[in-house]
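The sequence and the structure are shown below.

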Amino acid sequence: MPLGRRIEQTLVFAVCAVFLLCRFGCVTIVVCPLTALGRQHVNYLQYRGVSAVSLSSKTPLHVQNAIFDCLGRRALAALVVSPEQVAVNLELCRVLEACGVGLVVFDEAHTWLSWPAWRPLMTKAASLFPNTPRLALTATLQSVDEARLLQALAMPGSRVFRHPFFRSNLALRVEQRPPLFSWTGPSSLLRPVPAEHAFRLRRTFELCAAAARPDGNAIVYEHLRKDADDRVVGLLQLNDAAPGTAAGATFLPYHAGRQNRSAVEAAFLSRRRVIVVSTIAFGLGIDSPAVRLVVHMVCLWAPVHFSSV
């Protein structure tokens, strides 16, 4: 079910979580494969007065014990947890069985179709609590994949609610660029065109500078980690060559290979004129009114994907 904003996605299970806790004393488990998105859910729920916490492999032991205590006292409405934690944390499963689980929510549910290939514990997480009502939420799923997803989440025959992926607050724009390769005939080789790379870099810088001038932020998506790092270097060089064009803008790389991801995420959410060059996972945990521009350097698989990041 494509949802326009992260807040709407949180509200879907927030109402259920409050009802189940007040009426039956049960906790709602939100299995979220993205740590940043899980924090966003918890922050929003706590801001609205809903008792919610997140649990991941980085959660300190004393915090875990406090969470288990809250679960034992039935004082927690929602627990946002990574698939790996719910799959391997035996103490967590024991406490959850004892206190009662009223609903299992699979957030970013479409990831269960492809991510288990490199996160196999996601499959085990989907098999737990088989007799508990389930809810799957996603903004990136095509009709042809619905049956496969329901099977992967042990939800065969479940009712599916659909909504158009079009979002009126997005303006989609496609720009023509120079040829990527040159080819002069059957006996020649494909050769990269330097002008194409220079064009994309220059145009990206112009768009980011325009987005930053009214105190906006921007995200530039690359397919590979190396491309993200290289793109930041190129943007910084252009910024140094024309210092007044993107005055005050900060260019930061973000991907799984970097150790400062939390700092980059915090800067993007709390500051303005921040340009993050990232692999695709960054936007899945971001809900910020300051975003003015999203640039895709590589074409996505289908039009629906442009509306979800």
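A residue counts as buried under 20% relative accessible area, as exposed over 50%, and as partly exposed in between. The model under discussion is predicted.

**Aromatic pairs**

Phe 19 has a relative accessibility of 49% and is therefore classed as partly exposed. A search of the whole structure gives 4 aromatic pairs. A pair of aromatic rings is described by the distance of the centres and the angle of the planes. Two of the pairs are listed here.

| Pair | Centre to centre | Angle between planes | Class |
|---|---|---|---|
| Phe 19 and Phe 24 | 6.0 Å | 80° | edge-to-face |
| Trp 115 and Trp 118 | 5.4 Å | 45° | tilted |

The two tryptophans of the tilted pair fall into separate accessibility classes: Trp 115, at 16% relative accessibility, counts as buried, whereas Trp 118, at 57%, counts as exposed.

**Strand S4 and its partners**

How many residues of strand S4 are buried? Strand S4, spanning residues 101-107, is mostly covered, with 7 of its 7 residues buried. Strand S4 pairs with strand S1 (residues 27-31) in the parallel sense, over 5 bridges. Within this pairing, Val 101 in S4 is the bridge partner of Val 27.

Strand S4 is also joined to strand S5 (residues 134-137) by 4 bridges, and these two strands run parallel. Here Leu 135 in S5 stands opposite Val 105. Between S4 and S5 the chain passes through helix H6 (residues 121-127), forming a right-handed β-α-β crossover.

Conventions. Residues are numbered from 1 along each chain as its sequence is written. This is a predicted model: local features need pLDDT of at least 70, side-chain atom pairs count only at pLDDT 80 or more; totals for chains, interfaces and linings use all residues. Side-chain values use heavy atoms; hydrogens and water are left out. Rings of Phe, Tyr and Trp (its six-membered ring) pair if their centres lie within 6.5 Å; planes under 30 degrees apart count as stacked, over 60 as edge-to-face and the rest as tilted. Buried means under 20% relative accessible area, exposed over 50%, partly exposed in between (1.4 Å probe, protein chains only). Two strands pair if DSSP finds at least two bridges between them. A crossover is right-handed if, with the strands pointing away from the viewer, the path from the first strand over the helix to the second runs clockwise.
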